[in-house]
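Subject: Structure handover

Hello,

Here is the structure for you to look over. Please open it alongside this note.

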Amino acid sequence: MLRITLPSAMQELGLVWRREGLTVGLVPTMGYWHEGHLSLMRWAREHCDVLVASIFVNPTQFGPGEDLENYPSDLERDSDLAREAGVDALFTPVRDDMYAPDHGTWVTVPELTTNLCGRSRPIHFRGVATVVCKLFNLVQPTFAVFGEKDWQQLAVIRKMTRELDIPVRIEGRPIMREADGLAMSSRNVYLTPEERAVAPHIRKGLLLLEDLVRSGETDAAVLRAAVGKYYEERIPMGRLDYLELVDPATIETVEEVRADVLAAVALRLGKARLIDNIHIAFER
């Protein structure tokens, strides 16, 4: 497995692969891998000639007071996992090489970033779109793989790639969960034992919402109220950032469930901010 740090070296190699007509898969990450990350790599490994994984804790997607400096990291462990997953090249740039001191060029997708995580993290998706665009230019992948836990991020990247005519296919893969249903996340390590014990109720609240929809309830306010009450009872120490029903493509809030809908939640539990979602296919 190659270990590449310099962006210029990564781009040179990516261009060679493209000239050779190789299918290149990219899995962008911020590191501290769990089974969710590895599932993306294993899927990509089956569909490409060359597999690249990147680890970069991107400073431009963190806002003031967020966990940039404390984000969990174990590069050597991740490197061992990359080899086991069949990664051909592990790209681990440093901040100063990715962003010059006078950096001032940004990629924004405003239509999809004012709701959900964009409300409480107003600069987040600008940073995400910019760094992903840079990674695409450096690695020159045929396709890139992202998890559906970050559904809004996936929608942003798909729109950016389509509208900027970037020749990269975007693949979304299902959420990987712990045995008790908690969505896998690098930030789960922040949870205390008490917090970890109640965290699976985040998923259970979404399943309750789905059951209500299947039973015929279509009023979004009623659905939000029912799940909000469930969270108050089952996760009393949690602080709800948002609980919304949105159009899966536009990320716009819906008031009535009349088509496919995405129920999305962000909940602060101690030092962790956990997100989850469930895509509900509307039965006509």
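This is a predicted model: local features need pLDDT of at least 70, side-chain atom pairs count only at pLDDT 80 or more; totals for chains, interfaces and linings use all residues.

Residues are numbered from 1 along each chain as its sequence is written, and side-chain values use heavy atoms, with hydrogens and water left out.

**Aromatic pairs**

The structure holds 4 aromatic pairs. Rings of Phe, Tyr and Trp (its six-membered ring) pair if their centres lie within 6.5 Å; planes under 30 degrees apart are stacked, over 60 edge-to-face, and the rest tilted. One of the pairs is Trp43 with Phe143, an edge-to-face pair at 5.9 Å centre to centre and 80° between the planes. This pair links distant parts of the chain: Trp43 is in helix 2 (residues 35-45) and Phe143 in strand 5 (residues 143-147), 100 residues apart. Helices (H or I, at least four residues) and strands (E, at least two) are DSSP runs, numbered from the N terminus. Trp43 and Phe143 are both buried. Buried means under 20% relative accessible area, exposed over 50%, and partly exposed in between (1.4 Å probe, protein chains only).

Phe62 and Tyr71 form another edge-to-face pair, at 6.2 Å centre to centre and 80° between the planes. Phe62 is buried, and Tyr71 is too.

**Charges over rings**

Arg77 lies over the face of Tyr32, 5.7 Å from the ring centre. The charged end of Lys134 sits over the ring of Tyr99, 5.5 Å from its centre. The cut-offs here: NZ of Lys or CZ of Arg within 6 Å of the ring centre and within 35 degrees of the ring normal.

Cys48 is in the loop between helix 2 and strand 3. Its relative accessibility is 11%, so Cys48 counts as buried. The C-alpha atoms of Cys48 and Thr23 are separated by 5.0 Å, though the two residues are 25 residues apart along the chain. Leaving aside neighbours within four places in sequence, Cys48 is in contact (heavy atoms within 4.5 Å) with Thr23, Val24, Gly25 and Phe143. Phe143 is also the ring that pairs with Trp43.

Ser54 is in strand 3 (residues 50-55). Ser54 has a relative accessible area of 1%, so it is buried. Not counting residues up to four places away, Ser54 touches Leu26, Val27, Pro28, Thr29, Phe91 and Leu135.

**The second largest pocket**

What is the volume of the second largest pocket? About 250 Å³. Its lining has 17 residues, and Met30, Ile55, Phe56, Val57 and Ser73 lie nearest its centre. By class, the lining has 10 nonpolar, 3 polar and 4 charged residues. Ala, Val, Leu, Ile, Met, Phe, Trp, Tyr, Cys and Pro count as nonpolar, Asp, Glu, Lys and Arg as charged, and the others, Gly among them, as polar. On a 1 Å grid over the protein atoms alone, a pocket is an open set of points where a 1.4 Å probe fits, with protein on both sides within 12 Å along at least five of seven lines; lining residues have an atom within 4 Å of a point. Grid points are joined across faces, edges and corners, and the volume is the space filled by probe spheres set on them.

**Two positive phi values**

Most residues other than glycine have a negative phi. Leu116 has a positive phi, near 50°. Leu116 is in the loop between helix 4 (95-98) and helix 5 (117-120), and is buried at 2% relative accessible area. Ile251 also has a positive phi, near 60°. Ile251 is in the loop between strand 7 (239-246) and strand 8, and counts as buried at 2%.

Met176 is in the loop between strand 6 and helix 8. Is Met176 buried or partly exposed? Its relative accessibility is 30%, so Met176 counts as partly exposed. Beyond four places in sequence, Met176 touches Glu35, Gly36, Ser39, Leu182, Ala183 and Met184.

Leu269 is in strand 8 (residues 261-269). Leu269 is buried, with a relative accessible area of 0%. Its contacts beyond four places in sequence include Leu191, Val198, Ile235 and Met237.

Best wishes
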